[in-house]
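Please read these points with the structure open beside them. They are meant for someone seeing the chain here for the first time.

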Amino acid sequence: MTEIRNTEHEMARFRTRLVAAACFVLFGFGLLGARLAWLQIARHDELATQAENNRIGVVPVVPNRGLILDRNGVVLANNYSAYTLEIAPARVSDLEGTIDKLSEIVEISTRDRRRFKRLMEESRSFESLPIRNRLTDEEVARFTAQRYRFEGVDVKARLFRSYPLGEVGSHLIGYIGRINEAEKTKLEESEDASNYRGTEYIGKLGVEQSYEDDLHGTTGFEEVEMSASGRPVRHLRSRPATPGHAVVMSIDIRLQAMVEALFGDRRGALVAIDPRNGEVLAFVSKPNFDPNLFVDGIDAESWKALNESPDKPLLNRALRGAYPPGSTYKPFMALAALTLGKRTPQQAISDPGYFNFGNHRFRDDKEGGHGTVDMFKSIVQSCDTYYYLLANDMGVDAMHDFMKPLGFGQITGIDMNGELRGTLPSTEWKRTHYRRNKAQQKWFAGETISLGIGQGYNAFTMLQLANATAILAAGGQRYKPHLVRRVENYDDRETRHRTADRLDALEPLRWKPEHVALIHRAMYAVTQEGTAARAFARAGYQSGGKTGTAQVIGIKQGEKYNASRIDERHRDHALYSAFAPLDNPHIAIAVIVENAGFGAGAAAPIARRVFDYVLEGKYPSEADIAATQKGQSTAPIGTPRSIDEVPLPGLTVDGLGAAAASATPPAGSLGAALAPAADGATPAPAAPARGRSPAAPRPDAPVAVNAGVRPVGTRPTPRRAPGAGLVR
């Protein structure tokens with residue numbers, strides 16, 4: 001049967017479908033048009049900005065860190081540029097495989113791998129991290145030729161911090177290190193967050209840490225056009241970074257190096273202060289360490305050696321080592337007795353060689369005693385019995401109240417973080433210190449006796465003892481000790497602020513001049529007829545001093561001290577505190593040599609050579625230094641040298657080779673070589689290699705610091721006249 005189709009009906013259905021499809025298409029195009037109008041018109045400005053940002057990258061320009069110089073213009077910390085090979089872990093699929101392939105092109109040691117893994121643990125995944133530092137030009141060329149093989153790997157120019165003198169002054173200069181997560185969080189929450197964009201290193205210790213705000217500088221930026229692969233192809237505009245300011249310390253680094261040499265391998269500390277203004281002239285802690293180890297990230301072996309050493313080289317003994325002052329405390333006790341009316345200069349005792357208190361006998365160091373002893377003789381001959389009696393008469397709280405304004409057991413406020421308070425005992429201190437043990441909170445009268453000779457609970461830093469000695473030398477005038485003389489502004493090459501102007505003199509202590517004069521005369525007699533007479537024989541100036549010997553462990557009643565039968569680290573400490581010249585003190589000093597025995601034999605000889613350097617411009621002979629290191633010297637031996645004759649031990653900027661410091665830096669202006677490139681970009685580095693290229697250095701490349709070539713940023717300093725000392 002033939003089916004008859006209704007053509008008109010089918011055409012109507014087709015037309016209906018066609019209209020529906022057309023409507024649907026028109027509706028779709030309408031939506032697209034509306035969306036296009038929304039994006040192109042309503043959101044044009046916003047999306048145009050985003051597109052521009054995708055094309056244009058804003059790259060922070062990290063500023064050159066400011067220099068650290070000593071009082072005579074010797075550079076203690078500076079910068080040099082070098083190439084680094086860096087990996088962005090987030091952009092690398094097979095990290096270990098990539099490193100293995102890279103090691104075929106560029107030498108990558110096991111130490112480099114370990115450091116890179118540690119940096120990965122401490123950093124965020126998208127950050128670019130160095131796998132090798134200080135590439136040679138040849139290594140840069142080899143990698144550049146094969147860069148296309150390594151996604152997420154690139155060569156970058158970096159600034160490196162350098163400490164040209166190595167270990168010299170390491171505790172006071174400090175070092176920089178990579179910013180850790182805690183520091184990063186703190187920076188992000190601070191007002192300075194934008195200024196640290198791109199910055200990876202920050203001051204960790206010493207002046208590097210305390211003056212971070214001055215040394216860091218101001219971060220600049222570059223706008224660059226980026227390719228599809230994310231590489232910069234064109235510079236658009238920039239704002240140069242402003243280098244950090246130069247920090248000029250009050251330290252004489254030659255004096256510092258000399259004292260460190262005199263200590264040799266012995267442990268101890270020395271602080272020297274100018275009583276006229278509080279400037280710190282030397283700040284020694286031995287043993288010390290090489291801060292250059294920390295700049296790239298210290299390796300595990302070196303860290304273990306430093307951290308586990310029984311000598312504790314990372315401990316800043318001058319700032320954080322608390323010691324009993326021993327007999328160096330006696331001049332202050334005598335002055336307290338005069339001021340509080342507990343003794344007169346003529347009042348004398350008969351010393352049998354001991355002092356009985358209850359059933360305990362406190363012995364004098366001289367068997368049989370010193371005979372009849374007045375105040376003058378008690379200091380000159382260091383009579384313990386005199387001060388046992390005095391401490392008993394004064395009481396612990398009276399001693400505390402007199403010593404506190406001198407800075408004992410107090411924070412001095414020196415411009416370095418981490419100062420230890422120490423212990424100046426009192427009845428209140430004991431109640432607080434033993435608050436968890438009520439049985440020990442009571443102060444017993446017998447505990448007061450040994451305080452008079454600087455033992456017992458007394459524990460002070462060498463900074464505190466030197467500061468108190470400076471106050472005594474100045475007749476009660478007080479200053480806050482400080483390590484930095486001034487900060488020199490990079491922008492105008494002018495002094496930004498002078499430390500002495502910022503730190504006003506503290507309120508002086510109102511002592512009677514005749515009381516101070518008596519103590520000064522007695523301390524001078526110590527160097528003429530007393531315990532330090534041999535160390536100061538034939539000195540060309542007058543000084544006042546006091547030796548001290550501090551017990552480390554107690555000995556039983558009736559038992560005699562015998563150093564040869566005691567473990568070396570349990571032997572007595574040797575101390576000496578002093579000032580000079582006697583009539584107009586320019587320097588006050590406190591020195592301790594740990595476990596070295598008598599202060600007259602180990603500590604006073606070091607002080608003598610410091611005074612010779614400062615007041616007479618004399619540097620000890622090599623034979624004299626060797627004898628002093630062994631504790632076998634008293635007065636100087638051999639022919640002393642002129643300060644300018646002695647090369648300053650140190651290294652070149654990149655840590656290779658020895659360099660001798662010029663005492664007179666050639667003329668030049670601050671920061672001349674620190675200026676960034678004209679377009680604000682980081683200057684292309686001359687890469688110091690593990691095997692250094694003999695090519696001539698670029699203007700921004702490492703130079704031999706203190707080897708007759710003027711390091712970047714120093715000001716000219718007049719040469720000392722022959723025989724002239726440090727302080728005038």
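Which helices do the buried residues of α17 pack against?

1. The buried residues of α17 pack against α14 (330-340), α16 (384-394), α18 (427-433) and α19 (446-449). Within α17 (residues 396-403), the buried positions are Val 396, Met 399, His 400, Phe 402 and Met 403. Buried means under 20% relative accessible area, exposed over 50%, and partly exposed in between, with a 1.4 Å probe and protein chains only. An α-helix has 3.6 residues a turn, so residues three or four places apart point the same way.

2. The model is predicted: local features need pLDDT of at least 70 and side-chain atom pairs pLDDT 80 or more, while totals for chains, interfaces and linings use all residues. Residues are numbered from 1 along each chain as its sequence is written, and side-chain values use heavy atoms, without hydrogens or water.

3. The protein chain has 25 helices and 23 strands. Helices (H or I, at least four residues) and strands (E, at least two) are DSSP runs, numbered from the N terminus. Of its 728 residues, 52% count as buried. The chain exposes about 33,400 Å², of which carbon and sulfur atoms supply 52%; accessible areas come from the Shrake-Rupley method with a 1.4 Å probe, and for residues only the protein chains shown count as cover.

4. Strand β20 (residues 573-580) is largely enclosed by the rest of the structure, because eight of its eight residues are buried. His 573, Leu 575, Ser 577 and Phe 579 point one way from β20, and Ala 574, Tyr 576, Ala 578 and Ala 580 point the other way.

5. Strand β19 (residues 544-550) runs antiparallel to β20 and is joined to β20 by seven bridges, one of which pairs Gly 548 with Leu 575. Strand β21 (residues 587-593) is also antiparallel to β20, over seven bridges, and Phe 579 has Ala 588 as its bridge partner in β21. A hairpin through six residues joins β20 to β21.

6. Val 25 lies in helix α1 (residues 7-42) and counts as partly exposed, at 42% relative accessibility. Together with Phe 24, Phe 29 and Leu 32, Val 25 forms a nonpolar surface patch with about 480 Å² of accessible area.

7. There are zero disulfides in the structure, a disulfide being a pair of cysteine sulfur atoms within 2.5 Å. Cys 23 is partly exposed, at 46% relative accessible area, whereas Cys 383 is buried, at 1%.

Technical notes: Contact = heavy atoms within 4.5 Å. Patch = residues over 30% accessible without salt bridge, like charges linked within 9 Å, V, L, I, M, F, W, Y side chains within 5 Å. Salt bridge = Lys/Arg side-chain N within 4 Å of Asp/Glu carboxyl O. Pairing = 2+ DSSP bridges.
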